[in-house]
Amino acid sequence: MNIILLGPPGAGKGTQARRLVEERGMVQLSTGDMLREARTSGSEMGKKVAAVMDAGQLVTDEIVIGLIEEKILEGNSAGYIFDGFPRTLGQADALNALLERNGVKLDTVVEMQVDDSALVARISGRFTCGNCGEVYHDETKPTQADGVCDECGSTDLKRRADDNAESLKTRLMEYYKKTSALVGYYYARGELQSVDGLQGVEEVAADISKALA
Ligand code: AP5
């Protein structure tokens with residue numbers, strides 16, 4: 001099964017994608033994670049995108065399509081979760097062409113609907129484990145022991161450079177200007193299902209499972 005998780009910054013795409021990886025063995029393809037990895041590797045591409053990401057703007061279609069293409073060419077039988085990709089109509093068209101060329105079928109697109117006010121609260125409290133990638137929140141999902149990841153015991157807990165009020169404003173604007181059109185795009189193709197992302201993590205996961213059934 002191959003799916004897209006679509007939603008604004010902080011909607012919970014990464015949180016739900018990680019659950020699907022654990023429960024179904026699917027492969028998470030997060031362009032945000034790939035770009036952050038490129039930044040820490042110090043590659044030329046990583047240096048080029050760092051400032052764009054920190055400002056909350058979208059990096060070019062060409063770069064993210066290239067990243068996704070590399071992963072699809074590696075092949076995988078358990079299915080992909082596209083997390084944070086596509087984000088523009090150009091990326092959506094490119095993904096269709098790429099999947100078709102590689103004989104991969106897109107099963108469904110799950111839109112996670114969350115109010116802007118909840119997004120601000122989610123983003124401003126988020127931190128992640130630099131070792132295993134587990135996602136936490138100061139209020140809704142703190143670590144059990146202060147400063148220690150519940151999953152792997154690492155103390156390398158980080159906040160993202162773009163998780164601040166100024167960048168978030170730009171990220172939301174980018175979402176409404178460039179990404180939200182994809183809701184209509186996938187609806188018109190008969191591929192869209194929407195879930196209420198304002199619910200708790202378990203309830204959202206249950207609704208996603210229903211959408212995938
Ligand atoms: P990316 O990393 O994709 O960030 P994003 O889309 O802004 O999404 P987030 O990771 O912020 O949120 P999420 O929906 O995954 O929420 P999470 O599960 O963490 O992109 C970063 C940047 O990279 C972009 O701005 C752009 O520059 C660039 N980029 C990436 N892809 C690109 C592309 N395709 N094209 C161009 N540029 C691209 O949850 C958030 C918090 O809420 C957590 O603390 C979590 O614990 C909590 N939470 C989750 N679910 C719930 C719930 N149900 N109830 C309460 N709290 C919850």
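At what angle do the axes of helix α2 and helix α3 cross, and within what distance do they come? The points below take this up, then the other features.

1. Basis. This is a predicted model, in which local features need pLDDT of at least 70 and side-chain atom pairs count only at pLDDT 80 or more, while totals for chains, interfaces and linings use all residues. Residues are numbered from 1 along each chain as its sequence is written, and side-chain values use heavy atoms, with hydrogens and water left out.

2. Helices α2 and α3. The axes of α2 (residues 31–41) and α3 (residues 44–55) cross at roughly 120° and come within 8 Å. That makes α2 oblique to α3 (angles under 35 degrees count as roughly parallel, over 145 as roughly antiparallel, 65 to 115 as roughly perpendicular and the rest as oblique). Axes are lines fitted to C-alpha atoms, for helices over the stretch in contact, and angles run from 0 to 180 degrees between N-to-C directions. Helices (H or I, at least four residues) and strands (E, at least two) are DSSP runs, numbered from the N terminus.

3. Handedness and contact of α2 with α3. The crossing is left-handed (the near helix is turned anticlockwise from the far one by less than a right angle; clockwise would be right-handed). From α2, the residues G32, L35, R36, A38 and R39 meet M45, G46, V49, A50, M53 and D54 of α3, where contact means heavy atoms within 4.5 Å. By class, this contact has six nonpolar, two polar and three charged residues (Ala, Val, Leu, Ile, Met, Phe, Trp, Tyr, Cys and Pro count as nonpolar, Asp, Glu, Lys and Arg as charged, and the others, Gly among them, as polar).

4. Helices α4 and α5. The axes of α4 (residues 61–74) and α5 (residues 89–101) come within 10 Å, crossing at roughly 20°. α4 is therefore roughly parallel to α5. Their crossing is right-handed.

5. Ligand. Around the ligand there are 36 residues, of which T15, T31, Q57, R87 and R126 come nearest (a residue is near a molecule if one of its heavy atoms lies within 4 Å of it). A polar side-chain atom of T15 is 2.6 Å from a ligand oxygen atom. For R126, an N or O atom in the side chain lies 2.6 Å from an oxygen atom of the ligand.

6. Cis peptide. Most peptide bonds are trans. The bond from F85 to P86 is cis, with omega near 0°. P86 is in the loop between β3 (80–83) and α5.

How values were computed: A polar contact is a pair of N or O atoms within 3.5 Å; within protein, one must be able to donate a hydrogen and the other to accept it, and residues adjacent in sequence count only if both atoms are side-chain atoms.
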